[in-house]
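Thanks, everyone. I'll keep this short. Here is the model I want to walk through.

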Amino acid sequence: MPYAEKPPLDNIPVKLMSATEDRSVRFHQVQTEDLGRVRVRKYWEAEDREVSAAEIGKGYEVSKDTLVAVTDEELEQMPLPTAKAIEIVAFVPAASIDPVRLSGDSYFLQYDGQVAAKPYVLIAQALARNTKVAVAKLAWHGRERLVLLRVRDGALVAHVLKWDDEVRDPSELAPKETKVTDSEIDEVLQLIDSMTTDDISGYQDEYRKALEAVLEAKAEGRQPPKPSTEAEEPGGQVVDLMAALQESVRKAQAARGEDVGDAEVHEMPKKPAARKPAKKTPVRKTAKKTAAAKKPARRQRGA
């Protein structure tokens with residue numbers, strides 16, 4: 001019986017392909033009078049002239065007046081295990097990865113050649129059968145990256161992660177000594193339950209759609225669409241957060257056909273009218289404004 005060679009799980013040839021597409025509307029810089037293109041040029045101060053891409057290299061600033069030249073060949077020849085390979089360093093529970101560490105760049109790994117097909121499928125199906133993900137390192141675009149490997153529809157996906165020292169400490173950002181009651185927390189939990197869904201595929205970029213409508217109208221010589229005429233909340237009005245949450249719960253439950261009854265709305269206490277200064281007392285105006293007055297008008301919405 002012939003010997004069945006094990007597939008080389010430690011060496012799987014793959015190609016990286018971007019998993020996402022940037023659909024942002026982009027603008028060119030133009031001169032405002034004749035719409036002529038404004039371009040960025042590479043300029044050499046010492047000789048007062050523009051330089052070509054072939055003349056441009058890399059320099060690292062050691063100190064204010066000292067630069068060290070580094071060539072592409074030197075970077076490619078660094079003794080780095082991950083220079084030409086994705087090195088899996090650990091397997092961890094998926095829930096242990098802090099979402100803050102996800103950089104937003106995601107790539108599909110495509111197996112490179114038939115010899116890579118079986119080990120690729122093996123590692124993909126093994127990851128699909130448990131709750132763990134792989135953590136790996138690779139050198140790419142001038143630096144070593146930490147990536148998370150998981151499976152999506154049978155394909156391996158690499159999500160670029162931030163290193164530990166690239167994530168800032170948020171401990172000083174949370175409000176100090178702010179008390180909330182259990183009933184207030186229960187209201188928010190009720191809102192969360194009423195808005196829970198398993199599918200977020202229906203959400204769209206409304207800003208991009210509105211911007212494309214404006215650009216289409218201007219290209220055709222028409223007036224851009226007018227902004228919404230919905231009544232907006234008076235400027236500076238303080239919103240009762242609990243009333244807003246209860247209203248959001250009521251609307252969500254009504255949309256799901258649930259019996260919601262009457263929602264309780266808490267009215268914020270009105271401030272007493274400010275006294276007018278006596279006629280004989282001069283009043284000096286100051287530049288100080290309340291925080292509410294500084295904020296633009298907003299529509300009252302649920303969380």
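Start with Arg-208. Setting aside neighbours within four places in sequence, Arg-208 is in contact with Arg-23 and Val-25. It sits in helix H4, residues 206-219. Is Arg-208 buried or exposed? Its relative accessibility is 18%, so it counts as buried, the limit being under 20%.

One caution before going on. This is a predicted model.

Now the overview. The chain has six helices and ten strands. There are 303 residues, and 15% of them are buried.

Next, the inside. How many residues does the largest nonpolar core have? It has 14. Leu-109, Val-147, Leu-149, Leu-156 and Ala-158 have the most contacts inside it. Several elements each supply at least two residues of this core: strand S7 (102-111), helix H2 (117-128), strand S8 (132-140), strand S9 (143-152) and strand S10 (155-161). H2 gives the most, with four residues.

Look at Val-147 in detail. Leave out residues up to four places away in sequence. Val-147 then touches Ala-134, Val-135, Ala-136 and Leu-138, and also Ala-158, His-159, Val-160 and Leu-161.

Which of its residues are buried? They are Ala-117, Pro-119, Tyr-120, Ile-123, Ala-124 and Leu-127. The buried residues of H2 pack against S1, strand S6 (87-93), S7, S8, S9 and S10.

On to charges. The count comes to twelve salt bridges. Three of them are worth a look.

First on my list, Arg-49 and Glu-55. Their side chains meet at 2.9 Å, N to O. Arg-49 is partly exposed, with a relative accessible area of 30%. Glu-55 is also partly exposed, at 44%.

Then Lys-58 and Asp-72. This salt bridge is 2.7 Å, N to O. The pair links distant parts of the chain. Lys-58 is in strand S4, Asp-72 is in helix H1 (residues 72-76), and they are 14 residues apart. Both ends are partly exposed: Lys-58 at 45% relative accessibility, Asp-72 at 41%.

Lys-137 is partly exposed at 24%, and Glu-144 is partly exposed at 22%. One more point on salt bridges. Those that share partners join Glu-47, Arg-49 and Glu-55 into one network.

Let's stay with S4 for a moment. Gly-59 is in this strand, which covers residues 58-63. Where does Gly-59 make contact, beyond its neighbours within four places in sequence? It is in contact with Leu-67, Val-68 and Ala-69. Gly-59 and Val-70 are eleven residues apart in sequence, and their C-alpha atoms are 5.9 Å apart in space. Gly-59 has a relative accessible area of 53%, so it counts as exposed.

Now some backbone. Most residues other than glycine have a negative phi. Two residues here have a positive one. Leu-35 has a phi near 60°. It lies in the loop between strand S1 (14-18) and strand S2 (43-44). Leu-35 is exposed, with a relative accessible area of 61%. Asp-48 has a positive phi of about 55°, and it is not a glycine. Its place is the loop between S2 and strand S3 (49-50). Asp-48 is exposed as well, at 54%.

Which residues make the nonpolar surface patch of about 410 Å²? Val-180, Ile-185, Val-188, Leu-189 and Ile-192 make it. Val-188 is in helix H3, residues 182-194. At 34% relative accessibility, Val-188 counts as partly exposed.

That's my tour. Over to you.

Definitions and conventions: Residues are numbered from 1 along each chain as its sequence is written. This is a predicted model: local features need pLDDT of at least 70, side-chain atom pairs count only at pLDDT 80 or more; totals for chains, interfaces and linings use all residues. Side-chain values use heavy atoms; hydrogens and water are left out. A nonpolar core is a set of buried Ala, Val, Leu, Ile, Met, Phe, Trp, Tyr and Cys residues joined through side-chain atoms within 4.5 Å. Buried means under 20% relative accessible area, exposed over 50%, partly exposed in between (1.4 Å probe, protein chains only). Contact means heavy atoms within 4.5 Å. Patches are made of residues with over 30% relative accessible area and no salt bridge: like charges are joined within 9 Å, nonpolar side chains (Val, Leu, Ile, Met, Phe, Trp, Tyr) within 5 Å. Accessible areas come from the Shrake-Rupley method with a 1.4 Å probe; for residues, only the protein chains shown count as cover. A salt bridge is a side-chain nitrogen of Lys or Arg within 4 Å of a carboxyl oxygen of Asp or Glu.
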